[in-house]
Amino acid sequence: MEKHELAASVLAAFGGAENLIKLRYCASRIRAELRDGSRLDRPGMEALDGVKALLEVETSRHTPEFQLVVGPGNARPLYQALIAVTGEK
């Protein structure tokens, strides 16, 4: 699956751009804080080609952070594609 196509699918599974509070990445993961976690399409996200796992981690602020494991070398290009799809800078 091409990165922009995957980004559009990931964004839809996160519940759309309006459901994102914060989006960032690290070496192998996309990290997202959502306004409404119930809008997350967990089965849809986990079924995407290129997604290895979806983790829910509690932050120090006691809010959940969803970590999309995509593997080393894949997080930055996917993050850049997500930013391009959402129009964020």
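Colleague: Which residues is Glu33 in contact with, leaving aside neighbours within four places in sequence?

Modeller: Glu33 is in contact with Asn19, Leu20, Ile21, Lys22, Arg61, Thr63 and Pro64, once neighbours within four places in sequence are left aside. Keep in mind that this is a predicted model.

Colleague: And where does Glu33 lie?

Modeller: In strand E2.

Colleague: Buried or exposed?

Modeller: Glu33 is buried. Its relative accessible area is 10%, and the cut-off for buried is under 20%.

Colleague: Okay, the sheet. In what order do the four strands come?

Modeller: The order is E1-E2-E4-E3, in an open sheet. The pairing is antiparallel.

Colleague: Which strands stand at the edges?

Modeller: E1 and E3, the latter spanning 53-58. Each has a single partner strand, so one side of each has no neighbour in the sheet.

Colleague: By how much are neighbouring strands turned against each other?

Modeller: By 20° on average, with direction ignored.

Colleague: How many bridges join E3 to E4?

Modeller: Six, and the two strands run antiparallel. Glu58 has Pro64 of E4 as its bridge partner. Val57 has Glu65 of E4.

Colleague: What do E3 and E4 form, and what about His62?

Modeller: E3 and E4 form a hairpin, with five residues between them. His62 sits in the turn and has a positive phi of about 65°.

Colleague: Now E2 and E4. How many bridges there?

Modeller: Four, in the antiparallel sense. In that region Arg29 stands opposite Val69 in E4.

Colleague: How many residues of E4 are buried?

Modeller: Five of its six, so E4 is mostly covered.

Colleague: Let's do the core. Which residues touch the most other members?

Modeller: Phe14, Met45 and Leu68, in the largest nonpolar core, which has 25 residues. Several elements give two or more residues to this core: helix H1 (3-13), strands E1 (20-25), E2 (29-34) and E4 (64-69), and helix H3 (75-86).

Colleague: Where does the largest share of this core come from?

Modeller: From H3, with six residues.

Colleague: Take Leu68. What does Leu68 touch, not counting residues up to four places away in sequence?

Modeller: Leu68 touches Val10, Ser28, Arg29, Ile30, Met45, Val51, Ala53, Leu54 and Leu78 on that count.

Colleague: Ser28 is on that list. Where does Ser28 lie?

Modeller: In the loop between E1 and E2. Ser28 counts as buried, at 19% relative accessibility. The cut-off is under 20%. Beyond four places in sequence, Ser28 is in contact with Leu68, Val69, Val70, Gly71, Pro72 and Ala75.

Colleague: Switching to UniProt. Which residue is listed for "active site"?

Modeller: UniProt lists Cys26, in an unreviewed entry. Cys26 is found in the loop between E1 and E2.

Colleague: How does Cys26 count by relative accessibility?

Modeller: As partly exposed, at 26%. Cys26 touches Arg31 and Ala75, not counting residues up to four places away in sequence.

Colleague: Helices next. Which residues of H1 are buried?

Modeller: Leu6, Ala7, Val10, Leu11 and Ala13. They cover an arc of only 160° around the axis, which puts them on the same side of H1.

Colleague: What do the buried residues of H1 pack against?

Modeller: Against E1, helix H2 (42-46), E4 and H3.

Colleague: And H3, which strands does it lie across?

Modeller: H3 lies across E1, E2 and E4. H3 runs at about 150° to E1.

Colleague: Last one. Where is Ala81 found?

Modeller: In helix H3. Ala81 counts as buried, at 2% relative accessibility.

Colleague: What is Ala81 in contact with, leaving aside its neighbours within four places in sequence?

Modeller: Lys3, His4 and Ala7. Ala7 is also one of the buried residues of H1.

Colleague: How far apart are Ala81 and Pro64?

Modeller: They are 17 residues apart in sequence. In space they are 23 Å apart, C-alpha to C-alpha.

Conventions: Residues are numbered from 1 along each chain as its sequence is written. This is a predicted model: local features need pLDDT of at least 70, side-chain atom pairs count only at pLDDT 80 or more; totals for chains, interfaces and linings use all residues. Side-chain values use heavy atoms; hydrogens and water are left out. A nonpolar core is a set of buried Ala, Val, Leu, Ile, Met, Phe, Trp, Tyr and Cys residues joined through side-chain atoms within 4.5 Å. Buried means under 20% relative accessible area, exposed over 50%, partly exposed in between (1.4 Å probe, protein chains only). Contact means heavy atoms within 4.5 Å. Two strands pair if DSSP finds at least two bridges between them. Axes are lines fitted to C-alpha atoms, for helices over the stretch in contact, and angles run from 0 to 180 degrees between N-to-C directions. UniProt positions are given in the numbering used here, feature names are shortened, and annotations may be inferred rather than shown by experiment. The arc is that of the directions from the helix axis to the C-beta atoms.
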